[in-house]
Amino acid sequence: AYANDTLVATINGKATGRRLIINVVPKLFDGEGTAEKPYLIKDKADLIRLSEATTLNQLTFDGSHFLITADINLQKDTAFKGISNCASSTYKFGGILDGGNHTITGISLVYPVFNEAGLIVGGKTSTRGFIGRIKKGGAVKNLRLGADNEFIFYSSSGAFVGENYGDIINCRNYAKVIAHAGTSGAICGYNRAGGHIEDCFNAGE
């Protein structure tokens with residue numbers, strides 16, 4: 001079962017401000033999560049498991065390595081909610097996701113809710129993307145997002161990453177990206193101080 005908790009250091013019963021997030025992770029993927037033997041993302045089911053682990057169960061996978069081993073079509077399955085697309089900024093993705101130069105298609109990440117007059121009445125989220133947030137030490141690299149992917153954001157989001165403190169390297173987006181407010185982009189919404197983007201390309205609208 002998933003579990004996470006926060007350990008708070010105290011002195012004489014008073015919190016010192018130092019906090020440590022502890023994750024307990026069940027065995028989800030083939031591989032060991034090391035650079036030599038990364039966790040393998042082989043199909044749609046694996047990608048949805050990674051989404052659930054990070055977005056719903058708020059696991060960060062700090063220092064873990066992942067390798068996508070094939071092109072994957074998510075078939076617009078709404079069970080895929082992106083990686084680390086959490087409401088809390090505490091839970092940024094800290095793993096290294098290598099796309100293996102494969103292409104992911106069939107993503108549907110649609111957030112704004114409209115009324116009959118075309119006004120946004122809900123879903124005013126920010127920092128969303130294929131990966132919502134990447135922390136320092138985390139990365140996504142060697143990945144392609146196909147033209148049929150559906151990205152409709154409210155604010156400050158990107159096709160690959162909403163908010164980046166880590167590395168985005170050799171990533172290609174071919175999909176149309178729609179956003180209604182804030183700073184949004186085809187590669188990244190916010191690239192924060194220390195964030196690094198290299199050799200990326202956008203051919204979407």
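Val121 lies in strand S9, residues 120–122; helices (H or I, at least four residues) and strands (E, at least two) are DSSP runs, numbered from the N terminus. Val121 counts as exposed, with a relative accessibility of 54%. Here buried means under 20% relative accessible area, exposed over 50%, and partly exposed in between (1.4 Å probe, protein chains only). Together with Val113 and Leu119, Val121 forms a nonpolar patch on the surface, and the three have about 270 Å² of accessible area together. A patch is made of residues with over 30% relative accessible area and no salt bridge, where like charges are joined within 9 Å and nonpolar side chains (Val, Leu, Ile, Met, Phe, Trp, Tyr) within 5 Å.

Before we go on, please keep in mind that this is a predicted model: local features need pLDDT of at least 70, side-chain atom pairs count only at pLDDT 80 or more, and totals for chains, interfaces and linings use all residues. Residues are numbered from 1 along each chain as its sequence is written, and side-chain values use heavy atoms, with hydrogens and water left out.

Now for the whole chain. Its secondary structure comes to one helix and 18 strands. Of its 205 residues, 44% count as buried. The accessible surface is about 9800 Å², and carbon and sulfur atoms account for 49% of that; these areas come from the Shrake-Rupley method with a 1.4 Å probe, and for residues only the protein chains shown count as cover. A contact means heavy atoms within 4.5 Å. Among contacts between residues at least 6 apart in sequence, 78% join residues at least 24 apart.

Let's visit the helix. H1 covers residues 44–56, and its 13 residues reach 17 Å from first C-alpha to last, close to the 18 Å expected at 1.5 Å a residue; the expected span is 1.5 Å times one less than the number of residues. Its buried residues include Leu47, Ile48 and Leu50. The buried residues of H1 pack against strands S3 (39–41), S4 (65–68), S5 (72–73) and S6 (96–105). After H1 comes Gln58, whose phi is positive, near 60°. In the loop between H1 and S4 you will find Ser64, which is buried at 13% relative accessibility. Leaving aside residues up to four places away in sequence, Ser64 touches Gly33, Tyr39, Gly95 and Ile96.

Next come the charged pairs. The structure holds eight salt bridges, each a side-chain nitrogen of Lys or Arg within 4 Å of a carboxyl oxygen of Asp or Glu. Three of them are shown here.

| Asp77 | Lys44 | 3.1 Å |

Arg172 is buried, at 17% relative accessible area. Asp77 is partly exposed at 25%, and Lys44 is partly exposed at 23%. Both Glu163 and Arg133 are buried. Arg133, Glu163 and Arg192 are linked in a network of salt bridges.

Finally, the cysteines. A search of the whole structure finds zero disulfides, a disulfide being a pair of cysteine sulfur atoms within 2.5 Å. Cys200 is partly exposed, at 25% relative accessible area, whereas Cys86 is buried at 2%.
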